[in-house]
Amino acid sequence: MASHDERVLGLIPYDGALTISDLVRDSGLSRPTVTGVLGRLHAAGAVEETVVAPAGLGRPAKRWRRPPRHGTFGVIALSRDAVRVRVVVGDDRHAAERERRLDVSLDAQGALVHGHRFLRECLTELGAPADGLSRVVLGLPCPVGGPEGDHPRVRGILPDWIGIRPAESLRALLPGTAIVMENDANLGALGELEQGAGRGGTDLVYIKLAPGLGAALILGRRRLHRGAAGLAGEIGHVQINPMGHPCACGARGCLATEIPLDPWHEPPASAEPFPAGDPAADRVLHRLGALLGEQLGALANLLDPGRVIVSTDTTPPPPVLLDGIRDGIRRTALPVVSDLPVVASPLGIRAELIGGIALARSGDATPSRTGDQRTST
Ligand SMILES: [Zn+2]
């Protein structure tokens, strides 16, 4: 594909459609060039035209979008504490899901076995053939990248997964199905872009605050920024206290070890450490948010994002936590970016399932990422 064609196609989002004027502005190419590119992409079946009625007065606008892919797509979204699976046949109206709590960080084989079993169960529920999956995305709570784009970077993050080759294991179980691995927070960000707080936005920072601590960056309208080694977004390992607690990554005082992430996520049976409205609990949550916000303020100075989306598992993030994040940002960001909007994720952990299906359906992956070339993990 010619570079202009790639550039224009790359601007068309997963979840929406753009006018030719949008594409001219965002690509920096001339209108005749963009018109020519769209003609070629349309002839190749890579884009299609759609007419969108305006919200108010005015003429309906012609827009360009990616045609929906046909097929059966699946996602196995592994969090540290659960296996979640979603399978979609055709469009989102025919979908099935499964979920099971499991200590994924300590049980790699169990996570993969359950993920595979749930895919099969979903296919049966949907009346789809057992070998009918076109592409499956495997979400992992660790960076995914490397020179081949196909390596889970578990060292220092998921020590019990060292030596496990999740993509190869799944390929053996699902012959003929392309397997794409992706970081869990990246899937969450794509889900928010598709159906949540990222719709219509550009330059997003997505924060997954529980379980675990991760971040993802969407640059421009749709481009997930994975980084050279797939490590982009590992905000949990920013050091905030050189004398702090030791971290699994080998450093001390990482953000993930210095802020108590789990109290409201999995409160001990004996106590409710963060009851709503308790002033002491609110102070802790505010402080926790501020520590994170200070790092986001530095990030805002570097990247100037359009908004921050905060996700905390299935429950909406407590408002006092979001206030703490905003205060932290104001402390470290330049005045012009200090009012960066911080919004709650409406999807919670389900964003990873939605983002996983969007990624599977988009085919937005290099051949090695999809496993079509049988690269090793
Ligand atoms: Zn660390």
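Me: Which residues is Ser311 in contact with, leaving aside its neighbours within four places in sequence?
Reply: They are Tyr206, Ile207, Lys208, Leu209, Ala210, Ser345, Gly348 and Ile349. Contact means heavy atoms within 4.5 Å. A heads-up: this is a predicted model, where local features need pLDDT of at least 70 and side-chain atom pairs count only at pLDDT 80 or more, while totals for chains, interfaces and linings use all residues. Residues are numbered from 1 along each chain as its sequence is written, and side-chain values use heavy atoms, with hydrogens and water left out.

Me: Why is Ser311 called buried?
Reply: Buried means under 20% relative accessible area, exposed over 50%, and partly exposed in between (1.4 Å probe, protein chains only). Ser311 has 1% relative accessibility, so it counts as buried.

Me: What makes the Ser311 and Tyr206 side chains a polar contact?
Reply: The cut-off is a pair of N or O atoms within 3.5 Å; within protein, one must be able to donate a hydrogen and the other to accept it, and residues adjacent in sequence count only if both atoms are side-chain atoms. These two side chains come in at 3.4 Å, so they make one.

Me: How do you know that strand 3 and strand 4 pair?
Reply: Strands (E, at least two residues) and helices (H or I, at least four) are DSSP runs, numbered from the N terminus. Two strands pair if DSSP finds at least two bridges between them. Strand 3 and strand 4 have eight, in the antiparallel sense, so they pair. Phe73, for instance, has Val88 as its bridge partner.

Me: What makes strand 3 mostly covered?
Reply: Eight of its eight residues are buried.
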